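Let's take a friendly walk through this model together. Have the sequence and the 3D view ready, and follow along heading by heading.

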Amino acid sequence: MIKGFRDFILRGNVIDLAVAVIIGAAFSNITKSLVEDIITPLLGATIGQPDFRNVVFHIGVTPIRYGSFITAVINFLIIAFVIYFFLVLPVQKLLARIKGPEAVANKTCPECLSEIPAAATRCKFCGQPVQSLSTT
């Protein structure tokens, strides 16, 4: 039982997941600070009021604070924008530069018009021989 637990904990994907959670928590603090301390004040200077937490309407005596929801949605969109354009997109560009252009290795089956690997000798969808196909 202890050996099984040890094997589970020392598996690569569990360690990778633990590292990802820790890095994610640290990165969360950075992005939260970026949004709250830099981007939100810039929006406030530009459009006047970036924080809608005080916007409330009442049903009877019960306050409905829909402004907090609007602020949370705006913060989410800003964080998603920052993460995509400052993290995801540059990493994708870097990986594409490292890998280089990849050749398209597909061809079209003349019988069913499905995309199949260029090295295939028979279509995986209709079963027809495809030896004399040109690549697309």
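## A buried serine in a loop

Serine 114 has a relative accessibility of 17%, so this residue counts as buried. Here buried means under 20% relative accessible area, exposed means over 50%, and partly exposed covers the range in between, with a 1.4 Å probe and protein chains only. You will find serine 114 in the loop between β3 (106-108) and β4 (115-117). Helices (H or I, at least four residues) and strands (E, at least two) are DSSP runs, numbered from the N terminus.

Which residues is serine 114 in contact with, leaving aside its neighbours within four places in sequence? They are Lys107, Thr108, Cys109 and Phe125, where contact means heavy atoms within 4.5 Å.

## What kind of model this is

This is a predicted model, in which local features need pLDDT of at least 70 and side-chain atom pairs count only at pLDDT 80 or more, while totals for chains, interfaces and linings use all residues. Residues are numbered from 1 along each chain as its sequence is written, and side-chain values use heavy atoms, with hydrogens and water left out.

## The chain as a whole

The protein chain has 3 helices and 4 strands, and along the sequence they follow the pattern α-α-β-β-α-β-β. Of its 136 residues, 12% are buried. Taking contacts between residues at least 6 apart in sequence, 23% join residues at least 24 apart.

The accessible surface comes to about 10700 Å², and carbon and sulfur atoms account for 67% of that. Accessible areas come from the Shrake-Rupley method with a 1.4 Å probe, and for residues only the protein chains shown count as cover.

## Other residues in the β3 to β4 loop

Leucine 113 also lies in the loop between β3 and β4. Its phi is near 65°, a positive value in a residue other than glycine. Is leucine 113 buried or exposed? Leucine 113 counts as exposed because its relative accessibility is 63%.

Glutamate 111 sits in the loop between β3 and β4 too, and is exposed at a relative accessible area of 56%. Leaving aside neighbours within four places in sequence, glutamate 111 is in contact with Cys126 and Gln128. The C-alpha atoms of glutamate 111 and cysteine 126 are separated by 7.6 Å, although the two are 15 residues apart along the chain.

## The nonpolar core

In soluble globular proteins, nonpolar side chains tend to be buried together. In this model, the largest nonpolar core has 5 residues: Cys109, Ile116, Ala120, Cys123 and Val130. A nonpolar core is a set of buried Ala, Val, Leu, Ile, Met, Phe, Trp, Tyr and Cys residues joined through side-chain atoms within 4.5 Å.

Leaving aside neighbours within four places in sequence, valine 130 is in contact with Lys107, Cys109, Pro110, Ile116, Ala120, Thr121, Arg122 and Cys123.

Helix α3 (residues 66-99) has 34 residues, which at 1.5 Å a residue should span 50 Å; the end C-alpha atoms are 47 Å apart, which agrees. The expected span is 1.5 Å times one less than the number of residues. Gly67, Thr71, Asn75, Ile78 and Val82 are buried in α3.

Where is the kink in α3 centred? A kink of about 35° is centred on tyrosine 84; the bend at a residue is the angle between axes fitted to the seven residues ending there and the seven starting there.

## Aromatic pairs

The whole structure holds 3 aromatic pairs. Phenylalanine 57 and tyrosine 66 form a tilted one, 5.5 Å centre to centre with 50° between the planes. Rings of Phe, Tyr and Trp (its six-membered ring) pair if their centres lie within 6.5 Å; planes under 30 degrees apart count as stacked, over 60 as edge-to-face and the rest as tilted.

The rings of tyrosine 84 and phenylalanine 85 have centres 5.0 Å apart and planes at 90°, so this pair is edge-to-face. Ring pairs link Phe81, Tyr84 and Phe85 into a cluster.
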